[in-house]
Amino acid sequence: MTEEQQKTTAESETASVPPPAPAETQPPPPAPEPVPEPPKDVAEEKSVIPVPSLDDKPDDSKALVLVEKTEEVAEVKPSEGSVNRDAVLARVATEKRLSLIKAWEESEKSKAENKAHKKLSAISSWENSKKAAVEAELKKIEEQLEKKKAEYAEKIKNKIATIHREAEEKRAIIDAKKGEDLLKAEETAAKYRATGTAPKKLLGCF
């Protein structure tokens, strides 16, 4: 191969390789936070590309693409990580707040239930004591009424017995008076028979 052919092949190979883009002209990627500038070593690697030899022909375009991709990933990852971290922290704070609210709510409900249970227990014990007192008073009144009833019944029985006794006495007096009257009538009738006279008051009796 002649020297002219070697020169033409070298020129064609150098022309096929795209010129490296300077690191300063690349626009900064959109990110919420400021992205640190790429290190100088990477810029220098991009700006200075060794001329390939004729025998060794590596694929420089792929190497350049890989370098650019690694730079983009390095630039994008911190922003995504910070956003995800903020979202995770916000979610954790929200969950913590909700758990605290739930715990407070359960505590307040438990306090309210315990308070109501104590009051209901107090009302039940008061009701039972009042009922017991009223029932005891009623039982006492019933006992007193039973006692008075027995006393009144005894009094009534005594009165009935007295009335019966008085009636028997009056009957006995009447019977005795009747006996006397019968005996007197028999004696007077015998006297009239003996004398042969008639009683004067016979017509007046009718």
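From the N terminus on, the elements of this predicted model follow the order α-α-α-α. The protein thus described has 4 helices and 0 strands, where helices (H or I, at least four residues) and strands (E, at least two) are DSSP runs, numbered from the N terminus. Residues are numbered from 1 along each chain as its sequence is written. In this predicted model, local features need pLDDT of at least 70, side-chain atom pairs count only at pLDDT 80 or more, and totals for chains, interfaces and linings use all residues, while side-chain values use heavy atoms, with hydrogens and water left out.

Confidence was examined along the chain. The mean pLDDT of the protein is 74, and 58% of its residues reach 70 or more; pLDDT is the predictor's confidence in each residue, from 0 to 100. Among the elements, the highest mean pLDDT, 86, belongs to helix α3 (residues 60-195), and the lowest, 44, to helix α2 (residues 40-47). Over residues 14-25 the pLDDT is below 50, and this stretch has 7 contacts in the model beyond near neighbours in sequence. A contact means heavy atoms within 4.5 Å. Residues 38-49 also have pLDDT under 50, with 12 contacts beyond four places in sequence in the model. Where pLDDT is low, the predicted coordinates should not be read in detail.

For the protein as a whole, buried residues make up 4% of the 206 residues. Buried means under 20% relative accessible area, exposed means over 50%, and partly exposed lies in between (1.4 Å probe, protein chains only). Of the contacts with a separation of 6 or more, 67% are accounted for by residues 24 or more positions apart.

In an unreviewed entry, UniProt lists residues 131-162 as "coiled-coil region". UniProt positions are given in the numbering used here, feature names are shortened, and annotations may be inferred rather than shown by experiment. In the model, the span of residues 131-162 is 100% helix and 0% strand, and its end C-alpha atoms lie 45 Å apart.

The structure holds 4 salt bridges, a salt bridge being a side-chain nitrogen of Lys or Arg within 4 Å of a carboxyl oxygen of Asp or Glu. One of these joins the side chains of E105 and K109, at 3.2 Å from N to O. E105 and K109 are separated by about one helical turn because they are 4 residues apart in helix α3. E105 is partly exposed, with a relative accessible area of 36%, and K109 is partly exposed at 49%.

A salt bridge is also formed by the side chains of E168 and R171, with an N to O distance of 3.1 Å. Both residues lie in helix α3, 3 residues apart, about one turn of the helix. Relative accessibility is 37% for E168, which counts as partly exposed, and 45% for R171, which counts as partly exposed.

The side chains of D181 and K177 meet in a salt bridge at 3.9 Å, N to O. D181 and K177 lie in helix α3, 4 residues apart, about one turn of the helix. D181 is partly exposed, with a relative accessible area of 40%, and K177 counts as partly exposed at 47%.
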